[in-house]
Amino acid sequence: MEDPAASGAGSQPANGNGNGNGGGNGGSKGKQAAPKGRETFRSQRRESEGSVDCPTLEFEYGDADGHAAELSELYSYTENPEFTTNRRCFEEDFKTQVQGREWLELEEDAQKTYVMGLLDRLEVVSRERRLKVARAVLYLAQGTFGECDSEVDALHWSRYNCFLLYQMGTFSAFLELLHMEIDNSQACSSALRKPAISIADSTELRVLLSVMYLMVENIRLERETDSCGWRTARETFRTELSFSMHNEEPFALLLFSMVTKFCSGLAPHFPIKKVLLLLWKVVMQLLTKQDSLDIYNERDLFKTEEPTTEEEEESAGDGERTLDGELDLLEQDPLVPPPPSQAPISAEQVAFPKGLPWAPKVRQKDIEHFLELSRNKFIGFTLGQDTDTLVGLPRPIHESVKTLKQHKYISIADVQIKNEEELEKCPMSLGEEVVPETPCEILYQGMLYSLPQYMIALLKILLAAAPTSKAKTDSINILADVLPEEMPITVLQSMKLGIDVNRHKEIIVKSISALLLLLLKHFKLNHIYQFEYVSQHLVFANCIPLILKFFNQNILSYITAKNSISVLDYPCCTIQDLPELTTESLEAGENSQFCWRNLFSCINLLRLLNKLTKWKHSRTMMLVVFKSAPILKRALKVKQAMLQLYVLKLLKIQTKYLGRQWRKSNMKTMSAIYQKVRHRMNDDWAYGNDIDARPWDFQAEECTLRANIEAFNSRRYDRPQDSEFSPVDNCLQSVLGQRLDLPEDFHYSYEIWLEREVFSQPICWEELLQNH
């Protein structure tokens, strides 16, 4: 398996307190003469908590950013001159077809007639003429901004035109053109021969991908004012993207193949940022029906009657719940607020909370473990998985077991694993499993056999785009669709290009992190072993050290970075006359206190890390080995509730391995974990007494999981024609009487075959009899 993050997060000495072997000294520095006694402890405590003057960030997490922001990130600032080119191509073509009128003045029927003519003119041999027509279509998808007075108008007409283009069959036409460009060996060989690839090498691909992205993003956006025709078109479009059309692979798999082809070095000119953004939005469009916690809860038929024990699914439960008022998790607020002082309130009227603001959950394994310890202590033997027989145990143990069973929670994953075990044991009696053809299931079937390559390719690009990565000769070039043909010659142009390159990398990180999280979330919803298959290949490809390496930087600086030039963003740059750029205007950027996409990326990567390590002790030990505790603690300086919640979750699962000294010098973090993270009822998270936390079974844990995944994939997706369970005909007359279909030309060569294979072969009958 390839190694996208070979250097790992543990290769660099991490500043800060806490280390993997529990011997962290809370950030003591070198051989300085340390003060004694209480002063030593106070200095360690101060450095351990590491306070930074960072305001609370008013951040609202969602599936994606605002509509205008998502459209603007499609274009790099180097592409801005092409807006004018697209407009010119459209106006030249429009004047030849419609005299004396503008696009917005036409009736809908006239607009449809013109679009049909555009699609007809796409089917020409000349690449130049085809590119001009494609640019005219792109100008329509961009909202015919030349006829608009404001950014709102441009976005409105962009959405209107995209629905119109889709209804006229534009997406299918551009899909055929995209197939042609991907298979264009001349462009690939030309790019491979060039010493430096620029934006000019991917012009046709960028135009095609831009049109398709604008259509996907505009159609995906749901609004209450949408007409019935638009709602129907959205559902039809989702169906088209889900299923293969004209015996071809689904569109998402075509984009995945572009990613792997780019990473293999066979197509270095592919505009990888546009490919990744389009892939993310296509997968989101496919799975958006299931993308809510409410639907997840409706499908989870195995929940207990307890209303407060909702599934602790990081994908939505923790993410959408956030925390009260987006407060800093490390603020020591009292759990019980003081009553208002206007009027005296009697003790009977005050409703004090009974404890932590969530209900604890208990697994079946937790009850079995508790009973095993109790039986060994009081009666000297155990009864295996029997949780009902309580003979010989004292009354308090009975009460404890009753309380545990009241909070018992059986997740849908546990039920799926149990069903899978039964199907493996009794394949004949239980029959063949009926698998519903959902979009998620179809996507997994298509990705199954190439999934390891897809995951490695995505992680390679993520590594190349990470701000902590150093430029290496063997790393892939992800800047092919941002570098201009002529490199900048002035300081101002260099500054603009530098901002554009950093912005380009941030958008790539955002799209990959969101895509991976989306895949894991919905594969887990579909079947637990599909989720485990993707997770295991991410772990094998060193995803865990790669994410830790990403966070081994000044996260506060990354989140507050201003790598954007607002006057050059779409659609602002198409409506207003561009002012002359100066150093001050470049450095000004946005007035926001944080960068939305960077904070979004950080939260996604933390959620990804949580999903990979939850209930996996071998992977938790990887966090310890790579010394993630100080890296994660530095991320707590960002005062954003959701980000801090996932950091605390990651610290909680490894606390028992970090040693007493680490816990002693990080008591504020321990308190925050206790207050803000949901716990199991008998959760022994702070000490190493968990029966599953023994270090000697870590290798076996992954091997068992891999064997179960392979058995699941083999049973459900590898269906050979000659199965060992198929019935056998033992009747000689029946077998000899079966009609055998022979090739049409068999009777011409039958006599030659008989002579060669039968008559000319000597048969030693004595030897044949002796062998029998």
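Which side chain meets that of Glu 441 in a salt bridge? The views below come from a predicted model, and the first one takes up this pair.

**View 1. Glu 441 and Arg 716 join two helices.** The partner of Glu 441 is Arg 716, with a distance of 3.3 Å from N to O in their salt bridge. Follow the chain and you will find these residues 275 positions apart, with Glu 441 in helix H19 (residues 439-447) and Arg 716 in helix H33 (residues 698-717). Both Glu 441 and Arg 716 are buried.

**View 2. Arg 619 pairs with Glu 702.** Here the closest N and O atoms of the salt bridge are 2.9 Å apart. Arg 619 sits in helix H28 (residues 617-625) and Glu 702 in helix H33, so distant parts of the chain, 83 residues apart, are linked by this pair. Arg 619 counts as buried because its relative accessibility is 1%, under the 20% cut-off. Glu 702 also falls under that cut-off, at 14%.

**View 3. Arg 234 meets Asp 226.** The two side chains form a salt bridge, at 2.6 Å from N to O. Arg 234 is buried, with 3% relative accessible area, and Asp 226 is buried as well, with 6%.

View 4. The structure holds 33 salt bridges.

**View 5. Met 447 in the largest nonpolar core.** This core has 184 residues, and those that touch the most other members are Phe 251, Met 447, Met 455, Ile 461 and Leu 643. Helix H21 (residues 491-526) supplies the largest share, 13 residues. Around Met 447, look for its contacts with Leu 253, Phe 256, Tyr 454, Met 455, Leu 519 and Phe 523, leaving aside residues up to four places away in sequence.

View 6. Tyr 750, Trp 753, Val 758 and Phe 759 make a patch of about 390 Å². Trp 753 belongs to helix H35 (residues 746-759). Is Trp 753 buried, exposed or partly exposed? Its relative accessibility is 35%, so Trp 753 counts as partly exposed.

Conventions. Residues are numbered from 1 along each chain as its sequence is written. This is a predicted model: local features need pLDDT of at least 70, side-chain atom pairs count only at pLDDT 80 or more; totals for chains, interfaces and linings use all residues. Side-chain values use heavy atoms; hydrogens and water are left out. A nonpolar core is a set of buried Ala, Val, Leu, Ile, Met, Phe, Trp, Tyr and Cys residues joined through side-chain atoms within 4.5 Å. Buried means under 20% relative accessible area, exposed over 50%, partly exposed in between (1.4 Å probe, protein chains only). Helices (H or I, at least four residues) and strands (E, at least two) are DSSP runs, numbered from the N terminus. Contact means heavy atoms within 4.5 Å. Patches are made of residues with over 30% relative accessible area and no salt bridge: like charges are joined within 9 Å, nonpolar side chains (Val, Leu, Ile, Met, Phe, Trp, Tyr) within 5 Å. Accessible areas come from the Shrake-Rupley method with a 1.4 Å probe; for residues, only the protein chains shown count as cover. A salt bridge is a side-chain nitrogen of Lys or Arg within 4 Å of a carboxyl oxygen of Asp or Glu.
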